[in-house]
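Let's take a walk through this fold, from its sheets to its salt bridges. Keep the structure open while you read.

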Amino acid sequence: MGERALRVTARQLGVVLGQLPTGPRNTITDVPGVLVGHETIIEGQGAHRPGIGPVRTGVTVIQPHPGDTYLDRVSAAVEWFNGFGECLGAGLVHEFGLIIGPITLTNSFNVYRVADALQDWSIRQHPEVGIDTHGLLCLVAECSDDYLNDIQGRHVHAEHVERALGAVTADALQGAVGAGTGMEVYGFKGGIGTSSRVVDAEDRAYTVGVLALANHGIKEQLTILGVPVGRELERHPAGRPDRREDGSCVLVVATDAPLLPHQLRRLARRSFLGMARTGATARNGSGDLAIAFSTTNRIMRDPGPVATFPFVPDFHEDVINPLFSAVCEASEEAIVNALFTAESMTGRDGHHLEALPIEPTLAMLRKHGQLAAHA
């Protein structure tokens, strides 16, 4: 079977990470109401012409719910693992514990263009912003795709953001799409990955979903189910053994558990444990951060005499452990899925990133007894 035919998620190939059950899609959109949209930009090939191309980039939008996210904000938190990265709008989240509008991911140089496009979009949605009420304070996070992409060209424009916003769906695509188009992880082609877990807490079932923008690590670090896959692949021609840049990873964590901002901050921090299970050490120049939100705890801009979405303050700390386990597992699998689903890509100046070689990887995991019985 050819490599291209095998570009599916890890679990579909018998690589089962963790013990908890997944949601029906095994994506962040298993959290009710969460939607994801991508706009992928691939243009040109050959020699790099700064400001012109080749282009290997994009933008990804995560809508916390299908309603008006400017009027109905979600409880949220942002946490850093290593701070060599930008998350525009994080100050508001820290101060007020909420997110206004959608969450957007892109490349490093496009942060401000995406934010500008979101401001234009918000004004069209709500002409009163900036006049009768405060405006949208955008949340935009990034990783660098400069190995494959003409990053100086800042090729994400307002129309791309608009298309991503208009394309949000419960069918969350994975691999080299949207913001993940030009990304690299552990020396292989990286991108977008996602996963979910369902847990019981306070006698109710809750879902935790994670979407990863994976662009971190070096080949020798890659670990899957405890197997040192990266080291064992050192003799395999795939991958970029000369990569010594630090890269970045952005983890977006969604849950329908009614968590308060300080609890979401704790949940966000645990996502880095899942990242570490894949071999990451948050190297010196790595921009690693997590954004966590609760779809249940919503804060209305104009609540009126009775809030439509009441804030639920009584989720007990002593039953939060299952959610911690869920976010660890979902974060780990989301990153691994970014590796399994991304296809090889050639970008500027002929720079090439091979996809993770699936068959040798499965053979290693099988040798170590880490494949499901049916695989």
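A residue is called buried here when its relative accessible area is under 20%, and exposed when that area is over 50%. Keep in mind that this is a predicted model.

## Helix H5 and what covers it

Start with helix H5, which takes in residues 261-277. Its 17 residues should span 24 Å at 1.5 Å a residue, and the end C-alpha atoms sit 25 Å apart, so the helix agrees with expectation. Quite a list of its residues is buried, including Leu-264, Leu-267, Ala-268, Ser-271, Phe-272 and Met-275. Why might such spacing turn up in a helix? An α-helix has 3.6 residues a turn, so residues three or four places apart point the same way.

What covers those buried residues? The cover includes strands S3 (72-83), S11 (204-216), S12 (247-255) and S13 (287-300), along with helix H6 (321-341).

## The six-stranded sheet

Now look at the open sheet of six strands, with the order S5-S3-S13-S12-S11-S10 and mixed pairing. Strands S5 (98-99) and S10 (191-201) are at the edges; each has a single partner strand, so one side of each is left without a neighbour in the sheet. H5 packs on this sheet, where it touches S3, S11, S12 and S13, and its direction makes about 40 degrees with that of S3.

Inside the sheet, S11 and S12 pair antiparallel over nine bridges. To find your place in that pairing, look for Leu-211, which stands opposite Val-252 in S12. Helix H6 lies across S10, S11 and S12, and it runs at about 155 degrees to S10.

## The five-stranded sheet

There's also an open sheet of five strands, again with mixed pairing, in the order S1-S2-S6-S7-S4. Which strands stand at its edges? They are S1 (35-43) and S4 (87-88), each with a single partner strand, so one side of each has no neighbour in the sheet.

S1 and S2 (residues 55-63) run antiparallel and are joined by nine bridges. Glu-43 is opposite Val-55 in S2. The loop between S1 and S2 holds Pro-54, and a cis peptide bond joins Gly-53 to that proline, with omega about -5 degrees.

For background, most residues other than glycine have a negative phi, and most peptide bonds are trans.

Tyr-186 isn't a glycine, yet its phi is positive at about 55 degrees. You'll find Tyr-186 in the loop between strands S8 (184-185) and S9 (188-189). Is Tyr-186 buried or exposed? Its relative accessible area is 0%, so Tyr-186 is buried. Leu-225 also has a positive phi, near 55 degrees, and lies in the loop between S11 and H4. With a relative accessible area of 18%, Leu-225 counts as buried.

## Salt bridges

How many salt bridges are there? The count comes to 11. One of them joins Arg-163 and Glu-39, with the closest N and O atoms 2.9 Å apart. Arg-163 belongs to helix H3 (residues 158-166) and Glu-39 to strand S1, so this pair ties together parts that are 124 residues apart in sequence. Arg-163 is partly exposed at 43% relative accessible area, while Glu-39 is buried at 14%.

Another pair linking distant parts of the chain is Glu-232 in helix H4 (residues 229-232) with Lys-367 in helix H7 (residues 358-367), 135 residues apart. Their side chains meet at 3.6 Å, N to O, and Lys-367 counts as exposed at 62% relative accessibility. Arg-25 and Asp-30 form a salt bridge too, with their closest N and O atoms 3.9 Å apart. Here Arg-25 is partly exposed at 42%, whereas Asp-30 is buried at 9%. Finally, take a look at Arg-11, Arg-197, Glu-329 and Glu-333, which are linked in a network of salt bridges.

Note on methods:
Residues numbered from 1 in each chain as written. Predicted model: local features only at pLDDT ≥ 70, side-chain atom pairs only at ≥ 80, totals over all residues. Heavy atoms only, no water. Pairing = 2+ DSSP bridges. Helix = DSSP H or I, 4+ residues; strand = E, 2+ residues; numbered from the N terminus. Salt bridge = Lys/Arg side-chain N within 4 Å of Asp/Glu carboxyl O. Buried < 20%, exposed > 50% of the residue type's maximum accessible area, 1.4 Å probe, protein only. Expected span 1.5 Å × (residues − 1). Contact = heavy atoms within 4.5 Å. Axes fitted to C-alpha atoms, helices over the stretch in contact; angles between N-to-C directions.
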